[in-house]
Amino acid sequence: MSLISIDDIYLLIGLVVAILVILTLRDKQHPKRLTTALFWGLFGSLFLFGDLAVNTLGAKQAHQIAGTMVIGIALLAGMGRVSLGNYQETSPAEKTASAERLGNKLFLPALLIPLLTVAATLLLAGVSFGEVLLLDPKHQTLAALALACGVALLVGWRLTGDNPLKAVAGSRRLVDSIGWAAILPQMLAMLGGVFVVAQTGDSIKALVSLFVDPNNRFGLVVIYCMGMALFTMIMGNTFAAFPVMTAGIALPFLIEGQGASPAPLMAIGMYSGYCGTLMTPMAANFNIVPAALLDLDDKYQVIKVQIPTALALLTTNIFLMFFIVFD
Amino acid sequence: MRNELLALNYWPLIGIPVVVLGFAMRFNPLLVVTVAGLITGWAVGMDAVTLLETFGEKFLSSRQLASFLLILPVIALLERHGLRERAKGWIATIKSATTARILSLYFVVREASAALGLLSLGGHAQTVRPLLAPMAEAAAINAYGPLPKPIRDKIAAHAAACDNVAMFFGEDIFIAFGAVLLMDAFLKENGIAGVEPLHIGLWAIPTAIAALIIHLFRLSRLEASIRRDIALWQANDAPTQQGAEA
């Protein structure tokens, strides 16, 4: 038992999304009002009712319903039925006046989020009231983040006089501009799940082993590092690429075949995957979400800025690995 | 080799070209990924109900990925009341602040704190949008006056990149981080003994230092690149009377 459990956090996210859906429905000039509301409504209900459905209908049936809803979400986005609406914003003059009135106090709630999250993760882990833990022990950072956001929202309310409902309403433009990118990481986790069931990893392993010369050390290192980067770019996540590429190339050819040292091999191999993360739109929460958050005209601009660093680091990794792992 | 090529079961791989092709043809990524999942499942003979079940289970079990939605209301509230304007105004009072210096300082602090496991000290929603990007922009505006959107976008994109690069290449040094534990578990599963998580963290340090050197070098050249862009813009299409939006 814990006071802030992962289920509570899902409910909270669902509640925030539900408010956004209501506001979208009330936005009469919204060009795609109903379908945009349906898109976020389906998404939000997976947070609000997901656990409830698993508990009442059983995991099997609940997952089937959820899967059907996810396909609905993908279809709505795929047919271009999700768009921006109209938002009530404060004018630049009002913002400047308010910034002058509130001064550096405005930084306080913003800084509270990272600082409280870290402090709560470090200090409140294991804090309990009788039998009930404060933070979910399996999801401490997430519980700490939720707590920090709650406190920052209350402080922001007191500071500005705008209540939390207005705060959520204000976030609708941000959420809408992020749009489908907010959901892509979960969709990729889903694809990864299908790949596991389909044993895609074994096929990649077999395919790669056909093209690898087991005696060419440098060639093996290049294929492992580039394979990590490329497969990460497709899956959007290094953790999905790592077991496949490491079991397929590093383990049989480099560790067993050439006696490479495992610790540096894994560490540098994983980092080669991270170079791929910097270069792919599939890593939406790192590359596409920020482009939307920052209102960039080109949604690939963050990736474009990162490519030189990523390629330089991938090259560095290849040489580091070659000189370090064989001793 | 030819026989092995023919004998290989290619069907489980079909999702990969579907993703690449779908993306190249600019279909919506949600649709591309879903279709890739459906085709892969169909190609290996999963029945539709099991496939739906896998979809739903994985989507529900990765809901924590949406947690940044909780940060946005606070940021939106503060922005309604001039947070970004205040961040810009504050930088204007610091005469030695330049875009490259602000980003470099953030990069070093972010990578060092990530190496200590303090991953939540940064992030796109909580620090880059409300604080870092406006400050980096303001430093350039102090130096050169109002800037056009493409140059402001370039600075903001660099701010986002700083957060990513610094966090990625700092975090693996911290031994309790998930990636290190994943590697450790992988080795144990595959029967390779005698590797401590500490070793893995240790061998992350060379790449972390390389990331620091490479990215700080790039940032050191950013200032000159911004100056060039502005000179070009002023020579060609800077508005004469009404200034660009600051």
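Chain A holds an open sheet of three strands in the order 1-3-2, with mixed pairing; strands are DSSP runs (E) of at least two residues and helices are DSSP runs (H or I) of at least four residues, numbered from the N terminus, and two strands pair if DSSP finds at least two bridges between them. Strand 1 (2-4) and strand 2 (128-129) of chain A stand at the edges with a single partner strand each, so one side of each is left without a neighbour in the sheet.

This is a predicted model, in which local features need pLDDT of at least 70 and side-chain atom pairs count only at pLDDT 80 or more, while totals for chains, interfaces and linings use all residues. Residues are numbered from 1 along each chain as its sequence is written, chains are lettered from A and ligands numbered from 1 in the order in which they are written, and side-chain values use heavy atoms, with hydrogens and water left out.

**The sheet of chain A**

- Strand 1 and strand 3 (residues 132-135) of chain A run parallel and are joined by two bridges; Ser2(A) has Leu133(A) of strand 3 as its bridge partner.
- Strand 2 and strand 3 of chain A run antiparallel, also with two bridges, and Phe129(A) is partnered by Val132(A) of strand 3.
- Two residues lie between the strands in the hairpin of strands 2 and 3 of chain A, where Gly130(A) takes a positive phi near 65 degrees.

**The interface of chains A and B**

- The contact (heavy atoms within 4.5 Å) takes 136 residues from chain A and 115 residues from chain B.
- The two chains bury about 11100 Å² between them, 79% of it on carbon and sulfur atoms; buried area is the accessible area (1.4 Å probe) that two parts lose on being put together, summed over both.
- Phe59(B), Arg63(B) and Arg80(B) supply 8% of the area that chain B buries against chain A, more than any other three residues.
- Five salt bridges cross the interface, each a side-chain nitrogen of Lys or Arg within 4 Å of a carboxyl oxygen of Asp or Glu.
- Arg80(B) forms a salt bridge with Asp162(A), with the closest N and O atoms 3.2 Å apart.
- Helix 9 (residues 149-171) of chain B gives the most to the side of chain B that touches chain A, with 15 residues.
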